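Me: Could you walk me through this structure with me? I'd like to go over the charged pairs and then the overall picture.

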Amino acid sequence: MTNNTTGSTTQKRYVYHWVPSNMTGTTLFPLNRLVELMPDVAAIHFNKYDARENRHVLLKRKIPLLDCLWNDVLHFTAVHPKVTNDNVIAAGVDPKIIKKKKYFAIPIEMLDPQLIAVLDWQKFTMEKDASRYSHFDATKMDYYATVPQATLDFYKERTSNGKFFGTYHFVPHILYKGSVDVTGLEIIEV
């Protein structure tokens, strides 16, 4: 299986966000902000939660460090999209059924560290537990960008059940309480 390999901590570091297929404009907004700006577009994005059993709990989840809700933040991963894609294929998902996706590569320096919290999925439960959130620490980018063994095991379990979903399960989520102008950013397609 492919895991993330990272180089020197002095290299430029990125977080990734998929490029919405119906993106309007050049700015990524959290869903609750998008409701105010473009309600029709927001409704489409809220549909991705429909298949989740815990939809209502998830949409009301609070992020204590940022004093906001789940949909008041942008969700990023520090794991390179190719690493994720390779791991999904290695778990047994037929590459022919994987839809090609595009991702923005966002230099971490573009984000205000005071507006970032990290959700550590390895500590995750659906119960209220503030300990699963931590302040962003740039010295932990290697940790944030590494795919945990629990994720790889989860992929294999879901693939064997024929119910593959949860690509970022157990992977730290970088949560940003702000918007991001993506003008001129590198786009990665996998």
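Me: Is Asp 142 buried, partly exposed or exposed?
Reply: Asp 142 counts as partly exposed, at 27% relative accessibility, where buried means under 20% relative accessible area, exposed over 50% and partly exposed in between (1.4 Å probe, protein chains only). Bear in mind that this is a predicted model, in which local features need pLDDT of at least 70 and side-chain atom pairs count only at pLDDT 80 or more, while totals for chains, interfaces and linings use all residues. Residues are numbered from 1 along each chain as its sequence is written, and side-chain values use heavy atoms, with hydrogens and water left out.

Me: Which residue forms a salt bridge with Asp 142?
Reply: Arg 13 does, with the closest N and O atoms 3.0 Å apart; a salt bridge here is a side-chain nitrogen of Lys or Arg within 4 Å of a carboxyl oxygen of Asp or Glu. The pair links distant parts of the chain, 129 residues apart, with Arg 13 in the segment before strand 1 (14-18) and Asp 142 in helix 5 (residues 141-144). Helices (H or I, at least four residues) and strands (E, at least two) are DSSP runs, numbered from the N terminus.

Me: And is Arg 13 buried or exposed?
Reply: Arg 13 counts as buried, at 8% relative accessibility.

Me: How many salt bridges does the structure hold?
Reply: The structure holds three, including one between Glu 36 and Arg 33, whose closest N and O atoms are 2.6 Å apart.

Me: Switching topic, how much of the chain is buried?
Reply: Of its 190 residues, 41% count as buried.
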